[in-house]
Amino acid sequence: MAGRNIGVAVDLSPCSKNALRWAAANLAGPGDRLILIHVKPSYQYEEGVAHLWERDGSPLIPLLELSDPRVSKIYGLALDRETLEILTRAAGQRGVQAFAKVLWGDPARKLAEAVHKVPLQWLVVGNRGLSTVKRVLMGSVSTYVVNHAACPVTVVRENMLPSALTTNK
């Protein structure tokens, strides 16, 4: 099914980059839109005009604009070279369109809300593999999203290689 909006939760950690690699290699196809969803804790401390998008998040930022330092400053999102390379490769090899969207607030809640607001047909999140005790004390973004998102969610474990992962489509 082409033309889907596939969201990938990205905080630029190794596990979120692994989730992005997996989504690009195993889920996204020609005509799909791969949308990085980056949640920042608060808009109040951002430079630029980020406060304009506090409620609904930024507009979709196209791949070509993501490496521009002026755009990075406006949205408070500076993607590293590795992330940009993953997106560029997905666009070139898989025929997907790549975008980013910045949201402000609680990551778990904002990711679940993004399903409706973007809208998304699929959401991919990384999992750092917290122990049971840490997960109970700190909470888990991936657990919250799996239980509250109104679309299929794939959780990619940090210690798995993208080529070794499978999902139920």
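Predicted model: local features only at pLDDT ≥ 70, side-chain atom pairs only at ≥ 80, totals over all residues.

Reader: Is S72 buried or exposed?

Author: Buried counts as under 20% relative accessible area. S72 has 14%, so this serine is buried. Leaving out residues up to four places away in sequence, S72 touches L66, L77 and A78.

Reader: Okay, zoom out for me. How many helices and strands does the protein have?

Author: Seven helices and six strands. Going along the sequence, the pattern reads β-α-β-β-α-α-α-β-α-β-α-α-β. There are 169 residues, and 46% of them are buried. Take the contacts between residues at least 6 apart in sequence: 80% of these join residues at least 24 apart.

Reader: Now the sheet. In what order do the strands come?

Author: The general idea goes like this: strands of a sheet pair through backbone hydrogen bonds, either parallel or antiparallel. Here the six strands make an open sheet, ordered β3-β4-β2-β1-β5-β6, with mixed pairing. At the edges are β3 (61-62) and β6 (153-157), each of which pairs on one side only.

Reader: Which way do β2 and β4 run, parallel or antiparallel?

Author: Parallel, with eight bridges joining β2 to β4.

Reader: How many residues of β1 are buried?

Author: Five of the five, so β1 is largely enclosed by the rest of the structure.

Reader: How do I describe two helices packed together, and at what angle do α1 and α4 cross?

Author: Two packed helices are described by the angle between their axes and the distance between the axes. For α1 (residues 14-26) and α4 (residues 81-94), the axes come within 10 Å and cross at roughly 5 degrees. Under 35 degrees counts as roughly parallel, and α1 and α4 are therefore roughly parallel to each other.

Reader: Which residues of α1 and α4 meet?

Author: On the α1 side they are K17, L20, R21, A24 and A25, and they meet E82, T83, I86, L87, A90 and R94 in α4. By class, this contact has six nonpolar, one polar and four charged residues. Have a look at T83 in α4: its relative accessibility is 0%, so T83 counts as buried. Beyond its neighbours within four places in sequence, T83 is in contact with L12, K17, L20 and L36.

Reader: How many residues does the largest nonpolar core have?

Author: As a rule, in soluble globular proteins, nonpolar side chains tend to be buried together. The largest nonpolar core in this model has 32 residues, and those with the most contacts inside it are V8, L34, L36, L66, L87 and V124. Helix α1 gives the most to this core, with five residues. Another core lies apart from it, with 16 residues, including I35, L103, L120 and L123.

Reader: What is L87 in contact with?

Author: Setting aside neighbours within four places in sequence, L87 is in contact with L20, L34, L36, L63, L66, L79 and A98.

Reader: One more helix, please. What do the buried residues of α5 pack against?

Author: They pack against β1, β2, β4, β5 and α7. The buried residues of α5 (residues 107-117) are A108, K110, L111, A112, A114 and V115.

Reader: And loops? Where is D32 found?

Author: D32 is in the loop between α1 and β2. With 1% relative accessibility, D32 counts as buried. D32 and R94 are 62 residues apart in sequence, yet 9.1 Å apart in space, C-alpha to C-alpha.

Key
Residues numbered from 1 in each chain as written. Heavy atoms only, no water. Buried < 20%, exposed > 50% of the residue type's maximum accessible area, 1.4 Å probe, protein only. Contact = heavy atoms within 4.5 Å. Axes fitted to C-alpha atoms, helices over the stretch in contact; angles between N-to-C directions. Helix = DSSP H or I, 4+ residues; strand = E, 2+ residues; numbered from the N terminus. Parallel < 35°, antiparallel > 145°, perpendicular 65-115°, else oblique. Nonpolar A, V, L, I, M, F, W, Y, C, P; charged D, E, K, R; others polar. Core = buried A, V, L, I, M, F, W, Y, C linked by side-chain atoms within 4.5 Å. Pairing = 2+ DSSP bridges.
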